[in-house]
Amino acid sequence: MILNGSGTLYVAIIGAGPAGYYTAEAFAAKHDNVHVDIIDRLPTPYGLIRAGVAPDHQSIKNVALRYAATNEKDNVHFIGNLELDRDVSIEELQQLYDVVILATGAPKDRALGLEGEQLQGVYGSGAFVGWYNSHPDYRDLNPNLKTPTAVIIGNGNVAIDVARILAKTAQEMAETDLAPYAASEIHTSILKDIYIIGRRGPVEAAFTPKELGELNKLENCIPLFDPALLEAFEENTDLTVVQKKNFAILRDIAANKPEKDKIRLHLSFFQRPLAIEGNQSLTNILLEKTKLMPNGVEGTGHTAELKCGLLVSCIGYKASPIEGIPYDTRSGVYVSSDGHISDNLYCVGWARRGPTGTIGTNRPDGVGIADKILSEITPSGKAGRQGLDALIQTRALHTVSFANWKKIETAEQEATEGNAPRRKFTNIDKMIKIAES
Ligand code: NAP
């Protein structure tokens with residue numbers, strides 16, 4: 001490998017989520033002469049594992065143990081509460097480090113592009129999921145759950161997550177890290193109907209069988225599906241394994257009948273939103289029936305109004321544009337050639353390929369970018385961590401080390417009630433105080 005005997009390669013990874021950690025893991029496994037700093041704007045590591053993965057999917061969150069093990073390596077360090085542009089510029093990092101990698105994910109909600117999207121009661125899934133997952137940015141979202149009807153736009157796993165979290169009872173959520181302020185809103189809501197609305201059909205839906213199947217096992221909620229739509233599966237001789245499994249689950253769901261006092265979860269297809277209406281707050285959504293076309297869907301002109309007080313659009317995410325870094329506004333990712341943006345700047349994960357795949361998809365991504373970088377860049381005597389520490393000191397920044405994050409983690413574990421795994425803090429000043437105690 002090129003690094004042998006040629007000094008230390010200093011790598012800065014921006015973003016301490018799955019893409020960042022798998023990339024760090026790959027570098028650490030490949031050579032001792034690599035020093036990796038994983039930088040995050042929050043005082044807490046793990047990105048989407050902490051604030052994106054559903055609170056009732058704790059087994060998926062266990063992958064954080066693997067990231068923590070990466071952090072125990074001598075040549076991998078977490079630096080929390082250090083924000084690009086606020087505290088340090090990308091140019092400064094490029095000067096200090098041999099390599100800078102953007103693993104910043106896709107934190108911005110895609111917009112539906114409809115009038116009325118700014119109304120109170122209308123949220124993107126990033127914001128809504130962040131709210132119930134204790135993300136400091138969304139602590140004060142205050143979504144309106146005092147409504148009998150919620151509409152969820154999109155047919156991916158995020159749409160299913162949102163519906164399930166809205167529908168589960170306090171008892172079903174007892175062993176989760178659902179934010180307590182969100183729990184008290186959700187579990188006193190007056191929701192009677194939840195609609196998950198797809199613009200294409202059930203065969204084309206992006207959700208996976210495990211997530212779809214969970215909807216049919218809820219204590220206080222009955223999923224409903226029009227049996228006539230099963231025909232599309234029956235007539236299709238080219239179904240994938242996933243589609244066949246979804247078909248079997250939808251066949252079971254199609255046999256369900258509404259039950260008194262249980263929330264009705266309508267799996268609705270071939271409809272797209274045309275307008276979001278209300279005065280200051282959302283009152284209803286105008287939907288148009290669609291038909292499948294070779295490259296998507298087309299409206300049929302048949303419209304219907306649906307009264308609702310909550311609308312969550314779960315239609316995907318975009319990376320955050322950074323001044324000076326080429327950005328593809330259509331796909332919402334940084335412009336790169338296989339992850340190489342320019343000079344010593346690279347990107348990985350959702351920031352490179354968009355919001356697709358599972359958490360595990362980021363592992364080969366991290367290995368791939370580490371291999372590519374090690375074949376393209378050699379150590380060049382940069383200041384690396386020492387240089388960054390000097391800058392942090394000069395600017396009197398309150399960064400958080402991995403050891404100090406562990407103090408926050410312990411305090412969160414101690415703050416729980418019952419069998420909840422942790423009670424996540426949302427106040428950054430409080431977290432810094434604990435970290436520096
Ligand atoms: P997704 O899987 O890409 O689904 C997005 C959905 O939004 C699609 O049904 C899409 O329909 C629809 N859509 C897009 N634009 C729309 C518009 N303008 N109007 C109406 N509908 C629109 O995205 P996601 O659900 O956000 O999930 C992101 C990634 O995270 C996925 O890879 C997902 O599997 C993963 N994830 C996994 C889990 C899990 O494993 N438990 C949980 C959450 C998320 P079209 O297909 O017609 O474009």
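Analyst: The main nonpolar core

The largest nonpolar core holds 51 residues, and Phe-128 and Leu-166 have the most contacts inside it. A nonpolar core here is a set of buried Ala, Val, Leu, Ile, Met, Phe, Trp, Tyr and Cys residues joined through side-chain atoms within 4.5 Å. Buried means under 20% relative accessible area, exposed means over 50%, and partly exposed is in between, with a 1.4 Å probe and protein chains only. Contact means heavy atoms within 4.5 Å.

The model is predicted: local features need pLDDT of at least 70, side-chain atom pairs count only at pLDDT 80 or more, and totals for chains, interfaces and linings use all residues. Residues are numbered from 1 along each chain as its sequence is written, and side-chain values use heavy atoms, with hydrogens and water left out.

Several elements each supply at least two residues of this core: helices H6, H7 (157–167), H8 (180–186) and H11 (241–254), along with strands E7 (149–153), E8 (193–197), E10 (263–268) and E14 (310–313). The largest contribution is that of H7, with seven residues. Helices (H or I, at least four residues) and strands (E, at least two) are DSSP runs, numbered from the N terminus. Beyond its neighbours within four places in sequence, Leu-166 is in contact with Phe-128, Leu-145, Ala-150, Ile-152, Ile-186, Leu-191, Ile-194, Ile-263 and Leu-310. There is also a second, separate core of 44 residues, which includes Tyr-21, Tyr-22, Val-34 and Ile-369. In soluble globular proteins, nonpolar side chains tend to be buried together.

Helix H6 covers residues 125–132, and eight of its eight residues are buried, so the helix is largely enclosed by the rest of the structure. Phe-128 is one of these buried residues; among the others are Ser-125, Val-129 and Trp-131. After H6 comes Ser-134, which has a positive phi near 65°.

Strand E14 contains Ser-313. This serine is buried, at 5% relative accessibility. Leaving out residues up to four places away in sequence, Ser-313 touches Arg-110, Leu-112, Tyr-123, Gly-124, Ser-125 and Ile-153. Ser-125 is also among the buried residues of H6.

Asp-261 is in the loop between H11 and E10. At 63% relative accessibility, this aspartate counts as exposed. Its phi is positive, about 70°, although Asp-261 is not a glycine. Most residues other than glycine have a negative phi.

Now for the whole protein. Its secondary structure comes to 16 helices and 19 strands. The radius of gyration is 23 Å, close to the 22 Å that the globule rule gives for 437 residues, so the protein is as compact as a globular protein of that length. That radius is taken over C-alpha atoms, and the globule rule is 2.2 Å times the number of residues to the power 0.38. The C-alpha trace spans about 70 × 50 × 40 Å along its principal axes. Of the 437 residues, 54% count as buried. Among contacts with a separation of 6 or more, 75% join residues 24 or more positions apart.
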